[in-house]
Amino acid sequence: MDDRIFNLIATSAFGLEGMISGELKRINMKIGFSGFGEASSNIARGFLTADSTLEIVAFDVDKERAHSYLISMPYQGRVDLLTSLEEILESTNIVFTAVPGQYDFSLYNDIVSSPITDKLFIDISTAKPDVKREISAIIEDKKAKYVDVAVLGSVPAKKHLVPMMLRQV
């Protein structure tokens, strides 16, 4: 994974929204979301408000709930709701994971069963630190990058500009 992608995500999280969208467009990348509930749909909405030409794909095991978030978005045609985690992993290099903390380890066990070399995983779940350290180790073993994110405010209010503390575990 090119370290500039990691740096762009970190920069965006601290408010330089145009930089990430312009750079991702220039290198022709999609952003994926595994788990498309309140937090991830609002982050996607923020990215698309900053640059409505970004390509975003999402998957959630609760398809009805994900669809309800999708149809409430002003850029609903710019987010493709996919049918499987595998599709997200095949079509993106940057994946936000946003599932309830108790499902985080299970999600990453599914993720590492696919080819993930050079992908960046941004985990905004509420899993405990020891779980995130274990996840980080299995992701790093697969030659991918993992970033633990603590969200420090209201995602619905701030979208992608919500304060975040990023930590490469």
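Predicted model: local features only at pLDDT ≥ 70, side-chain atom pairs only at ≥ 80, totals over all residues.
1. Residues are numbered from 1 along each chain as its sequence is written, and side-chain values use heavy atoms, with hydrogens and water left out.

2. Seven strands form an open sheet in the order β3-β2-β1-β4-β5-β6-β7, with mixed pairing; strands (E, at least two residues) and helices (H or I, at least four) are DSSP runs numbered from the N terminus, and two strands pair if DSSP finds at least two bridges between them. Because β3 (79-81) and β7 (164-167) stand at the edges with a single partner strand each, one side of each is left without a neighbour in the sheet. From one strand to the next, the twist averages 25 degrees.

3. Strands β1 (residues 30-34) and β2 (residues 55-59) run parallel and are joined by five bridges, and F33 stands opposite A58 in β2. Strands β4 and β5 also run parallel, with four bridges between them, and the bridge partner of I94 in β5 is L120.

4. In a regular strand the side chains alternate between the two faces of the sheet. In β5, L120 and I122 point one way and F121 and D123 the other way, and all are buried, where buried means under 20% relative accessible area, exposed over 50% and partly exposed in between, with a 1.4 Å probe and protein chains only.

5. Helix α7 (residues 129-141) packs on the sheet, touching β5 (120-123) and β6 (145-151), and its direction makes about 155 degrees with that of β6; such angles run from 0 to 180 degrees between N-to-C directions, and axes are lines fitted to C-alpha atoms, for helices over the stretch in contact. Among the residues of α7, K132, I135, S136 and I139 are buried. They cover an arc of only 105 degrees around the axis, which puts them on the same side of α7; the arc is that of the directions from the helix axis to the C-beta atoms.

6. The buried residues of α7 pack against α6 (104-111), β5 and β6, contact meaning heavy atoms within 4.5 Å.
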